[in-house]
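Visitor: Please put the model on the screen. I would like to go through its pocket and its helix packing.

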Amino acid sequence: MQVFLVHHADAVGSEIDPQRPLSSAGLAHAERLAAEASARGLKPQIVWHSGKLRARQTAEAFWRRLNPVAVFAAQRGLQPTDPPQTIRDLLAAEDQDVLLVGHFPSLPRVLALLTENSEDPAVSFPQHGLVALERSGDSWKEVFRIQ
């Protein structure tokens, strides 16, 4: 099983739009990142996002490009301040590849917890990027990044 952690693409500021949709640069970046993921053969069966507009728009770019028949849904545990254990527990129950689109600071915490880096919030996570992990038994290892 693989999981793909994606930080949402660049969004407009809340002073421009309180819902913070993706900027034009963010939309283009999300499409480019999805194209790179497609070129690597990614085809998640599940695409989860936080429910926030910027995460949903980023997730839609991946969903359309990688697997438009995948389950597509807002999922608890992907909000900026949600504890990483929520995602870890949800993934433990899955056996299909999952793409998650969320926010900082939660994504670096999820990455740290899954890769057993003591939930170190300083774990490097590419802003507006993707980190691919592979599960073997109960452990996860990073296999690549796209930025």
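Guide: Both α3 and α4 contribute at least two residues to the lining of the largest pocket. Helices here are DSSP runs of H or I with at least four residues, strands are E runs of at least two, and both are numbered from the N terminus. The model is predicted: local features need pLDDT of at least 70, side-chain atom pairs count only at pLDDT 80 or more, and totals for chains, interfaces and linings use all residues. Residues are numbered from 1 along each chain as its sequence is written, and side-chain values use heavy atoms, with hydrogens and water left out.

Visitor: Which element gives the most to the lining of the largest pocket?

Guide: The lining includes Arg-88, Leu-91 and Ala-92, along with Leu-113 and Leu-114. By class, the lining has 5 nonpolar, 1 polar and 4 charged residues. (Ala, Val, Leu, Ile, Met, Phe, Trp, Tyr, Cys and Pro count as nonpolar, Asp, Glu, Lys and Arg as charged, and the others, Gly among them, as polar.) The top contributor, with 3 residues, is α3.

Visitor: How are α3 and α4 oriented to each other?

Guide: Helix α3 spans residues 84–92 and helix α4 residues 106–114; they pack at about 55°, axes 8 Å apart. Axes are lines fitted to C-alpha atoms, for helices over the stretch in contact, and angles run from 0 to 180 degrees between N-to-C directions. Under 35 degrees counts as roughly parallel, over 145 as roughly antiparallel, 65 to 115 as roughly perpendicular, and the rest as oblique. So α3 and α4 are oblique.

Visitor: Which residues of α4 meet α3?

Guide: Contact means heavy atoms within 4.5 Å. From α3 come Pro-84, Gln-85, Ile-87, Arg-88 and Leu-91. This contact has 6 nonpolar, 1 polar and 2 charged residues. The α4 partners are Arg-109, Val-110, Leu-113 and Leu-114.

Visitor: What is the angle between α1 and α2?

Guide: Helix α1 covers residues 24–39 and helix α2 residues 53–66, with axes 9 Å apart. Their contact divides into 8 nonpolar, 2 polar and 3 charged residues. The packing angle is about 35°.

Visitor: Which residue does a cis peptide bond join to Phe-104?

Guide: Omega at this bond is about 5°.

Visitor: Where does Arg-20 lie?

Guide: Arg-20 has a positive phi, near 55°, in a residue other than glycine. Its place is the loop between β1 (2–7) and α1.

Key: On a 1 Å grid over the protein atoms alone, a cavity is a set of points where a 1.4 Å probe fits but cannot get out, and a pocket is an open set with protein on both sides within 12 Å along at least five of seven lines; lining residues have an atom within 4 Å of a point.
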